[in-house]
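Please look through the structure below before reading on; the paragraphs that follow lead from a single side chain to the relation between the chains.

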Protein chains: 2
Amino acid sequence: MSRRDFHHHAVVHALEADGWTITHDPFPLRYGGQDLYVDLGAELAIAAEKDGRRIAVEVKSFVGPSDVSEFETALGQSVLYADVLSEVEPDRELYVAVPERTFQGIFRSPLGQLILKRHALKLIVFSEEEARIVQWVP
Amino acid sequence: MSRRDFHHHAVVHALEADGWTITHDPFPLRYGGQDLYVDLGAELAIAAEKDGRRIAVEVKSFVGPSDVSEFETALGQSVLYADVLSEVEPDRELYVAVPERTFQGIFRSPLGQLILKRHALKLIVFSEEEARIVQWVP
């Protein structure tokens with residue numbers, strides 16, 4: 001299993017362990033004739049809400065040679081997917097799932113903090129080894 | 001010469017033909033200990049202004065197999081570079097240089113228009129064959 005597939009499965013397990021149901025793998029997003037695919041769609045049943053809470057999750061592995069390039073790609077994808085989601089399904093929130101060591105690295109750096117602050121990115125920080133969610137940001 | 005290098009040179013020639021002086025190739029951008037490199041830095045002498053007008057230009061070739069992936073990368077880089085520039089050198093504007101056929105394609109699509117509108121991206125549309133600037137957007 002590739003490192004990327006391993007992370008994909010880890011995030012699926014982590015979300016399920018957290019009470020979420022994976023509803024799409026991948027989650028298709030169509031806009032103006034263009035097909036985009038976010039890695040996962042998930043739903044959390046909430047007793048008080050008829051429809052529950054819905055998210056789309058893009059899993060980033062940060063296994064390439066450069067964390068900065070992968071950060072640029074993650075930023076581009078999350079900005080694009082969040083913009084399209086807000087047009088086609090505004091109730092579904094976009095999250096980027098990142099391994100804990102990446103969160104402690106580039107996302108904690110001044111560059112990462114600048115971007116998180118300016119673009120209100122939402123992150124799911126996951127443990128690769130334990131396949132569990134460590135933190136939702138914010 | 002690779003297609004990417006060919007486009008790099010085409011944009012250099014196009015800017016020079018338009019009266020710009022290439023001051024950096026690449027243009028280094030340092031933030032919080034992280035080194036980023038935008039493809040070009042350029043300056044236009046304006047008689048009425050002591051310091052002229054300064055830009056940083058990221059050249060995107062769109063030669064990969066997927067225009068959408070390259071669009072995501074271009075979006076991520078331009079958001080990141082523009083954010084950092086606004087912190088470290090707010091007078092220098094970021095432009096993304098794209099070939100004319102790409103501008104007429106994905107940038108003119110509903111997806112491209114959504115993103116251009118929301119993120120106020122600035123584009124230099126260039127002709128690959130003639131190595132000249134076709135349009136500044138906006």
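A:His8 is buried, its relative accessible area being 15%, where buried means under 20% relative accessible area, exposed over 50% and partly exposed in between, with a 1.4 Å probe and protein chains only. This is a predicted model, in which local features need pLDDT of at least 70 and side-chain atom pairs count only at pLDDT 80 or more, while totals for chains, interfaces and linings use all residues. Residues are numbered from 1 along each chain as its sequence is written, chains are lettered from A and ligands numbered from 1 in the order in which they are written, and side-chain values use heavy atoms, with hydrogens and water left out.

A:His8 lies in helix α1 (residues 3-17) of chain A; helices (H or I, at least four residues) and strands (E, at least two) are DSSP runs, numbered from the N terminus. Not counting residues up to four places away in sequence, A:His8 touches A:Asp25, A:Asp39, A:Leu40 and A:Val59, contact meaning heavy atoms within 4.5 Å.

β2(B) runs antiparallel to strand β3 (residues 34-38) of chain B, and 5 bridges join them; strands pair if DSSP finds at least two bridges between them. B:Phe27 stands opposite B:Val38 in β3(B), and in the hairpin, which has 2 residues between the strands, B:Gly32 takes a positive phi near 55°.

Helix α4 (residues 110-119) of chain A has buried residues A:Leu111, A:Gly112, A:Leu114, A:Ile115 and A:Leu116. Their cover includes α2 and β7 (123-127) of chain A together with β2, β3 and α2 (67-88) of chain B.

Helix α2 (residues 67-88) of chain A packs with helix α4 (residues 110-119) of chain B at an angle of about 100°, their axes being 11 Å apart. α2(A) is therefore roughly perpendicular to α4(B), a term for angles of 65 to 115 degrees, those under 35 being roughly parallel, over 145 roughly antiparallel and the rest oblique. To this contact α2(A) brings A:Val79, A:Leu80, A:Asp83, A:Val84, A:Ser86 and A:Glu87, and α4(B) brings B:Leu111, B:Leu114, B:Ile115, B:Arg118 and B:His119.

A rotation of 180° with 0.0 Å of shift along its axis superposes chain B on chain A (RMSD 0.0 Å), so the two copies are related as by a two-fold rotation axis.

Key:
Axes fitted to C-alpha atoms, helices over the stretch in contact; angles between N-to-C directions. Least-squares fit on C-alpha atoms with pLDDT ≥ 70 in both.
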